[in-house]
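Definitions are given where they are needed.

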Amino acid sequence: MMKIPELNEGERYAGVIIDSATDQPTHHLILIPQQPETHLTWNEAIAWAASIGAELPTQQESALLYANLKPHFKGAWYWSSEQHASMQRLGWRQHFDDGYQDDGHKDEKSYARAIRR
C-alpha cells in the first residue's frame, strides 16, 4: 500500500490514482490551497499552475477531486490539463456541480485549481 504523503498547510488529500490498464496505484493526488482570483483561459490556467510550482489535474484526477473534495470547489467549470485529442482548440473541463466533463474552447474562461502528485 502506498503511504499517504505529508500535507502542507491548507492542502487537501484527494486519494490515489489507479492505472486503468494495470489496476495498480500510480500516485497520490493533493489539492493545493492557492487559487487564481479570476477566471482564466486554458493557456492562462496552465501558466498560472506552473507559476506556483503545480499543475492542473488530468481528466481522471478531476473526477477524483469531484468525488472526494467537491465541497472545496464552486459549482462551476474548472479546467483540466488535457486538451481534446482531435481538436487542439479545445480543452477538457470538469463541472463541480453535477460532475459532468466536457470540452470547452481554450479561449473561454473557467476556474482553475492546481494539484501536486
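Ala, Val, Leu, Ile, Met, Phe, Trp, Tyr, Cys and Pro count as nonpolar, Asp, Glu, Lys and Arg as charged, and the others, Gly among them, as polar. By that scheme, the lining of the largest cavity has six nonpolar, two polar and one charged residue.

The model is predicted: local features need pLDDT of at least 70, side-chain atom pairs count only at pLDDT 80 or more, and totals for chains, interfaces and linings use all residues. Residues are numbered from 1 along each chain as its sequence is written, and side-chain values use heavy atoms, without hydrogens and water.

A cavity is a set of points on a 1 Å grid over the protein atoms alone where a 1.4 Å probe fits but cannot get out, and lining residues have an atom within 4 Å of a point. The structure holds one cavity of 30 Å³ or more. Pro57, Ser62, Leu65, Phe73, Tyr78, Trp79, Gln94, Phe96 and Arg113 line the largest cavity; H2 and S3 are the elements that give two or more residues to this lining.

Helix H2 spans residues 59-69, and its buried residues (under 20% relative accessible area, 1.4 Å probe, protein chains only) are Glu61, Ser62, Leu64, Leu65 and Leu69. They line one face of the helix, because they fall within an arc of 160° seen down its axis. The strands below are included in what covers them.

| Strand | Residues |
|---|---|
| S1 | 12-19 |
| S2 | 24-31 |
| S3 | 77-83 |
| S4 | 90-95 |

Ala63, also in H2, is partly exposed at 35% relative accessible area.

Notes. Buried < 20%, exposed > 50% of the residue type's maximum accessible area, 1.4 Å probe, protein only. Helix = DSSP H or I, 4+ residues; strand = E, 2+ residues; numbered from the N terminus. Arc of directions from axis to C-beta. Contact = heavy atoms within 4.5 Å. 1 Å grid on protein atoms, 1.4 Å probe; cavity = no way out; pocket = protein on both sides within 12 Å on 5 of 7 lines; lining within 4 Å. Points joined across faces, edges and corners; volume = space filled by probe spheres on them.
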